[in-house]
Amino acid sequence: MNVINIIEKKRDKKVLNKDDINYFIKGILDESIADYQASSLLMAIFLNGLNDEEAYYLTKAIIENGDYIDFKGIDSYILDKHSTGGVGDKLSLILGPILASMGYKFLKMSGRSLGFTGGTLDKLESIPGFEVNHSDEWIEKTAKDLGFFIVSQSESIAKADKILYALRDVCASVDSIPLIASSILSKNLV
């Protein structure tokens, strides 16, 4: 198996199987697949989509090849919201504190610069002193004590997603619904 065959397969509108997707995710993590090859596959996915099974295997591979934080000790619903972004990033900043004040946990891992408006994190970091990079321990403690945060994913949480997220921005495949869905879910499912 090699990445060129996987790129060709998706370029030709064929279905990627679990092994293809696992090979791809492991390859971007161990850097045996170059960014330009990963970008080529992302563009083929953008143009030809993923079926539900492919999207499932992509999400699962990202989760299984990265770390996650276990929130099982939290005795509340954990809520999050995602959108296609926009100029203002108004909803999360208002919705999070309101939901936390009602006893829910609003725990959001946001992204960086997707598209022309920048990501939520880019905007938050423009506020002097606002910090979005936190340790897993800080995230766990803040989730239990405060019930609200907007943070960046760490280097280890859904690491493959972090790589793909950055590549999607530079190869014009931001708007791919299956890639958006796998990105969101890989940071929120365990």
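Predicted model: local features only at pLDDT ≥ 70, side-chain atom pairs only at ≥ 80, totals over all residues.
**Stop 1**

Most residues other than glycine have a negative phi.

**Stop 1: helix α2**

Move on to Asn17, at the start of α2. A side-chain oxygen of Asn17 comes to within 2.9 Å of the backbone nitrogen of Asp19. Now select residues 18–29, which make up helix α2. The helix has twelve residues and spans 17 Å from its first C-alpha to its last, close to the 16 Å expected at 1.5 Å a residue.

Colour the buried residues of α2: Asp20, Ile21, Asn22, Phe24, Ile25, Gly27 and Ile28. An α-helix has 3.6 residues a turn, so residues three or four places apart point the same way. The packing partners of the buried α2 residues are α1 (3–11), α3 (35–48), α4 and α8 (159–170). Just after α2, select Glu31, which has a positive phi of about 65°.

**Stop 2: Glu54 in α4**

Next, select Glu54, which belongs to helix α4 (residues 52–64). Glu54 has a relative accessible area of 1% and is therefore buried, the limit being under 20%. What lies 2.6 Å from a polar atom of its side chain? The answer is the backbone nitrogen of Leu16.

Leaving out residues up to four places away in sequence, Glu54 touches Lys10, Lys14, Val15, Leu16, Ile21 and Gly49. One of these, Ile21, is also among the buried residues of α2.

**Stop 4**

Select residues 148–152, strand β3. Five of the five residues are buried, so the strand is largely enclosed by the rest of the structure. Both faces are covered: Phe148, Ile150 and Ser152 are buried on one side, Phe149 and Val151 on the other.

The structure holds three aromatic pairs. For one of them, select Phe106 and Phe148: the ring centres are 5.8 Å apart and the planes lie at 35°, so the pair is tilted. Phe106 belongs to β2 and Phe148 to β3, so the pair ties together parts that are 42 residues apart in sequence. Both Phe106 and Phe148 are buried.

**Stop 3: from β3 into α8**

Follow the chain to Ala158, in the loop between β3 and α8. Although Ala158 is not a glycine, its phi is positive, about 45°.

Zoom in on two of them. Arg168 lies over the face of Tyr165, 5.7 Å from the ring centre. End the tour at Ala172, which follows α8 and has a positive phi near 60°.

Technical notes
Residues numbered from 1 in each chain as written. Heavy atoms only, no water. Helix = DSSP H or I, 4+ residues; strand = E, 2+ residues; numbered from the N terminus. Buried < 20%, exposed > 50% of the residue type's maximum accessible area, 1.4 Å probe, protein only. Polar contact = N/O pair within 3.5 Å; in protein donor to acceptor, adjacent residues only side chain to side chain. Contact = heavy atoms within 4.5 Å. Expected span 1.5 Å × (residues − 1). Phe/Tyr/Trp six-rings, centres within 6.5 Å; stacked < 30°, edge-to-face > 60°. Lys NZ or Arg CZ within 6 Å of the ring centre and 35° of its normal.
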